[in-house]
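The points are meant to be read with the coordinates open alongside.

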Amino acid sequence: MLSNLRWARLSCALWACALLLGMPLVHAASIPMLFANYDHSDRFVIVKGKLEGFAGATTVTLRNLATNAVMAELVPTRGGSFIVRVRVPSGEQVPCNLSVEARDASHAVVKTAELRNARGTCGKQYTVALSGVVTDAPIPFATVTVTIGGVTYTTVADADGRYTLPITTALLDALVKIEADGVSPATGEPIEFVNLVGSFSRLLDEQLTEGGAEGNVTNVTTASYVLVLEANGGEPTSEDELQKAETSVDATELLQLAALIKLIVDDPDYTLPPGETSLLEFVSKPEAVTAYLETVPQEDLDAAVASILQDSNLVA
């Protein structure tokens, strides 16, 4: 067995021989990270680093460490430096941690980094106790589903159509959508009501100032949802888009559509047209709605509008 001293001398001799013979010394590949920051104003994740010990064609992949989703792929400069700028879409959670993977023909190295300067948007969870009533007249035992950032929460309303559902997220800018499915006790018609409430931060502010956050799901909120989608050319993805679309909705048209929904849900004399099985799909067809309204006596429509305006659960 070689002594420590002899082994050290032999190691030095081998290193010297490698230099004399022109043999390349092999270094471990690595990814020194210079920074991984979040620019809150533009919602950009910015990552900068340098590859060391890689040779030949190399690719760099940036991933969200929590989900393993690829955020960006690129080829570094000839010197190995790289910088990645990725915008986080509105409504998506800012990643707390990232991984940078570099590969060439001989190496595969992964370096993880914590994202800095996220200003509380990374990982911080908030909870809102959302409550309300599913009503046209109250819809008992309706299934209530709340969706935010691709995550769904579900509960069942009580006999009076009331529900309470805690929702938790870090996505303050994400829109909250409430859907309710049930059966009208008056007519037996299946109902599908929707309320696109607005951003989670709006609910959080309401809870902090009012002691609770309310989300009724009604004929009025459903009519508003349908007309907002029509005005926006699709479902809004941000609070700004939602507010602009809501502003463009005509109040008379809104009440008229809500009244039509009320008649179909509450009045046995009114049902969905032949071939229609979904209330929400039907009222989302402007031409079909116009044709149906032409068959409704004005006094019935006016009575339905008056009933809506007198119901604080519908217009408060």
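1. Helices here are DSSP runs of H or I with at least four residues, strands are DSSP runs of E with at least two, and both are numbered from the N terminus.

2. The model is predicted, so local features need pLDDT of at least 70 and side-chain atom pairs count only at pLDDT 80 or more, while totals for chains, interfaces and linings use all residues. Residues are numbered from 1 along each chain as its sequence is written, and side-chain values use heavy atoms, with hydrogens and water left out.

3. Helix 3 itself covers residues 219-232, and its 14 residues reach 20 Å from the first C-alpha to the last, close to the 20 Å expected at 1.5 Å a residue; the expected span is 1.5 Å times one less than the number of residues. At the start of the helix, a side-chain oxygen of Thr 218 comes to within 3.1 Å of the backbone nitrogen of Val 220.

4. Is helix 3 enclosed or open to the outside? Ten of its 14 residues are buried, so the helix is largely enclosed by the rest of the structure, where buried means under 20% relative accessible area, exposed over 50%, and partly exposed in between (1.4 Å probe, protein chains only). Among the buried residues are Asn 219, Ala 223, Tyr 225 and Val 228.

5. Four strands make up an open sheet in the order 4-3-6-7, with antiparallel pairing; two strands pair if DSSP finds at least two bridges between them. The edges are strand 4 (70-74) and strand 7 (108-114), each of which pairs on one side only. On average, neighbouring strands of this sheet are turned by 15° against each other, direction ignored; the axes are lines fitted to C-alpha atoms, for helices over the stretch in contact, and angles run from 0 to 180 degrees between N-to-C directions. Strand 6 and strand 7 run antiparallel and are joined by seven bridges, and Asn 97 has Glu 114 in strand 7 as its bridge partner.

6. How many salt bridges are there? Taking a salt bridge as a side-chain nitrogen of Lys or Arg within 4 Å of a carboxyl oxygen of Asp or Glu, the count is nine. One of them joins Arg 63 to Glu 101, with the closest N and O atoms 3.7 Å apart. Because Arg 63 lies in strand 3 (residues 59-64) and Glu 101 in strand 6 (residues 97-103), this pair ties together parts that are 38 residues apart in sequence.

7. Glu 101 is buried at 13% relative accessibility, and its side chain also meets that of Arg 103 in a salt bridge (2.3 Å, N to O). Arg 103, at 44% relative accessibility, is partly exposed.

8. A further salt bridge is formed by Glu 239 and Arg 202, whose closest N and O atoms are 2.3 Å apart. This pair links distant parts of the chain, since Glu 239 is in helix 4 (residues 239-248) and Arg 202 is in helix 2 (residues 200-210), 37 residues apart. Glu 239 is buried, with a relative accessible area of 17%, whereas Arg 202 is partly exposed at 30%.

Conventions. A polar contact is a pair of N or O atoms within 3.5 Å; within protein, one must be able to donate a hydrogen and the other to accept it, and residues adjacent in sequence count only if both atoms are side-chain atoms.
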